[in-house]
Each structure stands twice: as C-alpha cells, then as structure tokens.
Amino acid sequence: MPRVVSANASKSTIRRRSREISNHRFQVSGATEESSLAQQRDEVKKMSLQERQELMNGIKQKIFVSAEVAVAMQSDVDLPWNKIRLLNRYMYL
C-alpha cells in the first residue's frame with residue numbers, strides 16, 4: 001500500500017508509478033508492443049463512460065483537425081450533408 005495516494009502525489013511520483021505499471025503490463029501481456037496496446041485498450045474499455053470522460057478531460061492537449069481532414073472524416077461517416085451540418089453545430093462550439 002503506497003504511503004501517498006496518486007491523487008495527492010507529486011508529478012514525479014505519478015510518472016514513476018505509471019512507468020512501473022506500463023512495464024508490468026508489457027511483461028504480463030506478452031512482451032510485445034502490440035500485446036501491450038491490446039491490453040491497455042481492454043483496460044480502457046472496462047472503464048465506465050464517466051471514467052473515460054474524466055480521463056479525456058484530464059488530458060491537457062488539444063487536437064487540431066484541418067478543414068480538409070474534417071471534411072474527409074465527415075464524408076467517411078456516410079451521412080447526408082444536412083445531418084453533418086447538424087453535427088458541426090455541436091462539434092465546433
């Protein structure tokens with residue numbers, strides 16, 4: 001049992017713990033990068049929707065998608081343009 005929980009730990013302690021967990025996952029899942037990613041993907045899938053949203057909100061990086069890529073992604077969804085415009089209203093607030 002750790003003396004300090006991660007919520008109250010320093011950034012270096014959290015980083016060290018994350019590295020240890022990552023190393024353990026790598027060894028347990030099959031010692032390949034693909035196996036480790038598959039294991040990590042499964043761990044995220046087991047989280048509740050609220051936990052996943054909190055995880056994504058905790059990430060302080062913004063993702064920039066150019067207009068050309070956004071149009072390509074929207075066309076891949078295979079929705080009519082009026083539905084895509086409705087989606088855009090909520091995506092780019």
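**Helix packing and salt bridges in a predicted model**

E43 forms a salt bridge with R25, and their closest N and O atoms are 3.1 Å apart. The pair links distant parts of the chain: E43 lies in helix α2, R25 in helix α1, and 18 residues separate them. A salt bridge here is a side-chain nitrogen of Lys or Arg within 4 Å of a carboxyl oxygen of Asp or Glu. Side chains of opposite charge can pair when their charged atoms come close. Helices (H or I, at least four residues) are DSSP runs, numbered from the N terminus. Buried means under 20% relative accessible area, exposed means over 50%, and partly exposed lies in between (1.4 Å probe, protein chains only).

The model is predicted: local features need pLDDT of at least 70, side-chain atom pairs count only at pLDDT 80 or more, and totals for chains, interfaces and linings use all residues. Residues are numbered from 1 along each chain as its sequence is written, and side-chain values use heavy atoms, with hydrogens and water left out.

The packing of the two helices was examined next. Helix α1 covers residues 11-29, and helix α2 covers residues 33-45. They pack at an angle of about 110°, with their axes 8 Å apart. Axes are lines fitted to C-alpha atoms, for helices over the stretch in contact, and angles run from 0 to 180 degrees between N-to-C directions. α1 and α2 are therefore roughly perpendicular to each other. Angles of 65 to 115 degrees count as roughly perpendicular, those under 35 as roughly parallel, those over 145 as roughly antiparallel, and the rest as oblique. The crossing of α1 and α2 is right-handed. On the α1 side, the contact is made by R25, F26 and S29. On the α2 side, E33, S35, S36, Q39, Q40 and E43 take part. Contact means heavy atoms within 4.5 Å. By class, the contact has one nonpolar, five polar and three charged residues. Ala, Val, Leu, Ile, Met, Phe, Trp, Tyr, Cys and Pro count as nonpolar; Asp, Glu, Lys and Arg count as charged; the others, Gly among them, count as polar. A crossing is right-handed if the near helix is turned clockwise from the far one by less than a right angle, and left-handed if anticlockwise.

S36 is in helix α2. At 7% relative accessibility, S36 counts as buried. S36 touches R25, F26 and S29, not counting residues up to four places away in sequence. Q27, by contrast, is found in helix α1 and is exposed, with a relative accessible area of 62%. The C-alpha atoms of Q27 and E43 are separated by 15 Å, and the two residues are 16 apart along the chain.

The count of salt bridges comes to three. One of them joins R16 and E20, with the closest N and O atoms 3.3 Å apart. R16 and E20 are four residues apart in helix α1, so about one helical turn separates them. R16 is partly exposed, with a relative accessible area of 37%. E20 is also partly exposed, at 45%. Another salt bridge joins K46 and D42, with the closest N and O atoms 3.5 Å apart. K46 is exposed, with a relative accessible area of 65%. D42 counts as partly exposed, at 33% relative accessibility.

The loop between α1 and α2 holds A31. A31 has a positive phi of about 60°, although it is not a glycine. Most residues other than glycine have a negative phi. A31 is partly exposed, with a relative accessible area of 46%.

G58 is in helix α3, residues 49-58, and is partly exposed, with a relative accessible area of 49%. G58 and R25 are 33 residues apart in sequence and 22 Å apart in space, C-alpha to C-alpha. L86 lies in helix α5, residues 81-91. At 39% relative accessibility, L86 counts as partly exposed. The C-alpha atoms of L86 and R17 are separated by 43 Å, and the residues are 69 apart along the chain.
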